[in-house]
Amino acid sequence: MNCIAIIPARMGSSRFPGKPLADIHGVPMVGHVAFRTAMCETLSSTWIATCDQVVMDYAAAAGLGAVMTADTHVRCTTRTAEAMLTIEKLTGRRADVVVMVQGDEPMVTPAMIDAALAPMLADPSVNVVNLMADLATEEEFEDPNEVKVVVDRNGDALYFSREPIPSRRKGTPHVPMKKQVCIIPFRRDYLLRFNEMEESPLEIIESVDMMRILEHGEKVRMVPVSERTLSVDTEGDLARVRIMMRDDALRGRYTK
């Protein structure tokens, strides 16, 4: 099976301009994501998808695969789909599964990607998978930059929100505090179909793409992972990630 990873990255983030090239221990953030993703042996190849020449230049200098995309994309999924079609033309191989790894997940591990792929490789009816991890603190649970998720008994998502869900306000002292981790495998044709679906009201309200799938009556399989991760949405997140990655074991395999 031809499983490829695509890392959408753009310099024009409204919350953190220039984020892909933010330095973490001597390596730009998007470099950490790409090097670590490429360590997953289940993947055939790993690519950065960007609309910024400066990111393309970094990728070329670092020996990382990259493709240029249009600068009109609003969603990571449409940038990923454009990149996938370009990569298929470049390589002459049709993708079976595309793993979209957000460019602001510098603590991704090969094991996390394997965990995300496992349900899809085992069950042909699974079209899209998300990872989820425990939120460590109530502060993170309240943080609107962290996308929270609740699941059903089969491990499929019931709802995604930037608000804290489930509620802690009804006298229950302990509730599951789970966050979405943006390592998202799609089956090739499902990614294209997803982008053709009409944007849904709750997707817009929550600003969470996966809500489109749920609102169209379809499933998102969730897979729990135990690794401690932090997506970088702000300068404060960047400072925290630098501390968290100070003694990171994987980092020694691609940095001095």
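A polar contact, for what follows, is a pair of N or O atoms within 3.5 Å; within protein, one must be able to donate a hydrogen and the other to accept it, and residues adjacent in sequence count only if both atoms are side-chain atoms.

Okay, some ground rules. What we have is a predicted model, where local features need pLDDT of at least 70, side-chain atom pairs count only at pLDDT 80 or more, and totals for chains, interfaces and linings use all residues. Residues are numbered from 1 along each chain as its sequence is written, and side-chain values use heavy atoms, with hydrogens and water left out.

Let's start with T37, which sits in helix α1, residues 29-38. When I say helix or strand, I mean DSSP runs numbered from the N terminus: H or I with at least four residues for helices, E with at least two for strands. So, is T37 buried or exposed? It's buried, because its relative accessibility is 0%. The cut-offs are under 20% relative accessible area for buried, over 50% for exposed, and partly exposed in between, with a 1.4 Å probe and protein chains only.

Here's that polar contact: a polar atom of the T37 side chain lies 2.7 Å from the backbone oxygen of V33. And who else does T37 touch? Leaving out residues up to four places away in sequence, you get A5, I7, L43, T46, V101, V108 and I113. Contact here means heavy atoms within 4.5 Å.

V101 is our way over to the strands. Its bridge partner in β11 is I183. Strands β6, residues 97-101, and β11 pair in the antiparallel sense over five bridges; to count as a pair, two strands need at least two bridges found by DSSP.

Now, why do we call β11 largely enclosed by the rest of the structure? Because five of the five residues in this strand, 183-187, are buried. In a regular strand, side chains alternate between the two faces of the sheet. In β11 both faces are covered, with I183, P185 and R187 buried on one side and I184 and F186 buried on the other.

Last stop, the loops. Between β2 (23-24) and β3 (27-28) you'll find H25. Its phi is positive, near 55 degrees, and it isn't a glycine. At 31% relative accessibility, H25 is partly exposed.

S207, in the loop between α7 (201-206) and α8 (210-215), is another non-glycine with a positive phi, about 55 degrees. S207 counts as partly exposed, at 39%.
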